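Good morning, and thank you for coming. Please look at the sequence and the structure together while I speak.

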Amino acid sequence: MSFHSERLEVAIPSRLAGGVIGAKGCNIKRIQRACPGLQTCRVVESRCVLLVGSFYAVEKASAMVEELVTSLHQPSRRRKDLRSIDGFIPHFGVQWFRSCDDCAVRLSKASRAAAKHLGLIAGRPSTFGSYVLEKTDNLDALSEPEPERDVPTELQKMNTVVGPSSEPLEGYLRLIFKRLGALTEMREHYVNFSIGKTFVEPFELEPTKAMSLDEMAAKLSSMRKQYSTGGITDAHAAAAQAWCRDNGFVLAEKRKFMAVHVKNTKMKNGLEFTFSLPENEESMWETVADLSQLEVKSELAPHRLGFITTHEPGEETLEFRVAFKALKPEESLNEELLNKVVAAWDRHRLTGECLALDDGQEYFIDSMRYKTSQVWANTRHSIFIDRVTQSWCESDEDASFWTVILAGPPIEKIGWLSLSEGEFVDEVMQIIVRGQELVDYLNQAC
């Protein structure tokens with residue numbers, strides 16, 4: 001550690017660099033907000049945090065960094081509690097390894113393009129391990145496969161299904177229904193199926209070691225993961241549209257949206273204002289002079305209750321994730337905050353400066369998303385094929401990517417609390433089976 005009056009490098013263990021930065025840079029941003037006069041606070045090459053600013057700002061920031069590193073070192077009850085904050089970390093997870101039981105797999109480093117995209121959307125550039133599963137011919141490390149697992153009687157933090165059959169998922173869905181059915185304080189419960197790829201950051205696993213699928217599943221259960229849609233290409237998006245046409249879906253809507261994500265420093269969840277251009281409107285957002293004239297929807301960011309995620313070998317092989325989400329009842333958002341967002345847009349258009357609220361003490365704009373959306377629908381399901389550009393207010397880089405999401409409007413309309421256990425399992429399994437057909441088609445077509 002080298003100390004100067006206005007510059008300090010705080011050494012950190014390289015494996016903790018991602019935790020120091022935090023999801024979407026939340027820890028770095030928190031330190032910057034808490035230390036007026038701090039000009040620079042960033043992780044350098046995963047080895048240290050560089051602090052530049054006034055003497056007192058740097059002194060306070062260094063203490064906060066050291067406290068953060070200490071907390072990340074501790075597998076204590078306090079850290080466990082922080083990781084289970086509602087709305088940020090799932091309450092449960094089921095990971096499904098669909099490949100054949102007798103294949104050998106290992107972890108391999110993802111491509112530079114995948115790592116860059118993951119760094120952008122996750123807010124932790126160059127710090128996430130960015131490893132994916134790969135099949136390998138090295139069978140030396142293989143052990144005898146475990147017998148097929150029974151579905152547990154209680155829903156644990158992370159559960160694993162290994163094998164091609166989706167039948168065990170029905171047992172987990174019954175457990176999920178019992179778990180979620182007790183969340184009576186929640187509202188607008190919904191399930192969606194998204195296509196993408198899960199990357200892992202191995203802490204205690206040699207990336208080149210060959211393992212059976214069962215061994216790998218047991219290891220990955222405790223590892224940090226990040227889900228990304230960066231692997232969906234233009235060809236995948238075109239193929240998804242063709243699949244919709246060939247399978248009884250019709251193009252129901254084309255819209256353009258801009259979502260402004262606002263965070264409240266006193267709340268766990270963020271708020272989102274979504275502005276939409278009229279249907280089939282071809283205007284660009286740069287030409288919109290007054291956001292207040294557009295249709296706008298405001299809502300709290302949903303609480304992520306849990307996921308079912310598939311794992312497939314190969315960086316180019318698309319996977320899926322089924323997310324279970326809900327909202328807590330909150331008072332309606334006030335017009336004053338909406339007016340501040342509209343005013344921030346006016347300044348952004350006139351000066352080109354970053355979109356920011358004029359009062360950053362209680363609320364601040366975290367990110368913006370521009371989305372061109374196609375909605376394909378049949379009587380039971382809707383598929384959203386969206387081209388998205390996301391920008392962060394404290395970053396010079398944007399991330400552009402596709403998202404493909406399948407949802408069941410009937411279950412969203414009434415919520416799963418109105419369903420019986422059997423109805424819930426049937427509805428979600430139909431979403432999974434239909435979505436898996438689309439994923440398999442995209443992997444074969446592209």
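Predicted model: local features only at pLDDT ≥ 70, side-chain atom pairs only at ≥ 80, totals over all residues.

Let me begin with a term: contact means heavy atoms within 4.5 Å. Residues are numbered from 1 along each chain as its sequence is written, and side-chain values use heavy atoms, with hydrogens and water left out.

I start with Phe-257, found in strand 11 (residues 250-264). Helices (H or I, at least four residues) and strands (E, at least two) are DSSP runs, numbered from the N terminus. Which residues does Phe-257 contact, leaving aside its neighbours within four places in sequence? They are Thr-274, Phe-275, Ser-276, Trp-285, Arg-369, Tyr-370, Lys-371 and Ser-373. Of these, Ser-373 is 116 residues from Phe-257 in sequence, yet their C-alpha atoms are 7.7 Å apart in space.

I turn to helix packing. Axes are lines fitted to C-alpha atoms, for helices over the stretch in contact, and angles run from 0 to 180 degrees between N-to-C directions. Helix 6 (residues 167-181) packs on helix 11 (residues 421-445) at about 130°, with the axes 9 Å apart. Helix 6 and helix 11 are therefore oblique to each other; angles under 35 degrees count as roughly parallel, over 145 as roughly antiparallel, 65 to 115 as roughly perpendicular and the rest as oblique. On the helix 6 side, the residues in contact include Leu-173 and Phe-177, and on the helix 11 side they include Phe-424 and Val-428. By class, this contact has 9 nonpolar, no polar and 4 charged residues. Here Ala, Val, Leu, Ile, Met, Phe, Trp, Tyr, Cys and Pro count as nonpolar, Asp, Glu, Lys and Arg as charged, and the others, Gly among them, as polar.

Helix 11 also meets helix 8 (residues 234-246), where the axes come within 10 Å and cross at roughly 130°. Helix 8 and helix 11 are therefore oblique as well. Among the residues that meet are His-236 and Trp-243 in helix 8, and Arg-434 and Tyr-441 in helix 11. This contact has 8 nonpolar, 1 polar and 2 charged residues.

Next, the aromatic rings. A search of the whole structure finds 7 aromatic pairs. One of them, Phe-92 with Phe-324, is tilted, at 5.8 Å centre to centre and 55° between the planes. Rings of Phe, Tyr and Trp (its six-membered ring) pair if their centres lie within 6.5 Å; planes under 30 degrees apart count as stacked, over 60 as edge-to-face and the rest as tilted. Phe-92 lies in strand 4 (residues 92-97) and Phe-324 in strand 15 (residues 319-327), so the pair ties together parts that are 232 residues apart in sequence.
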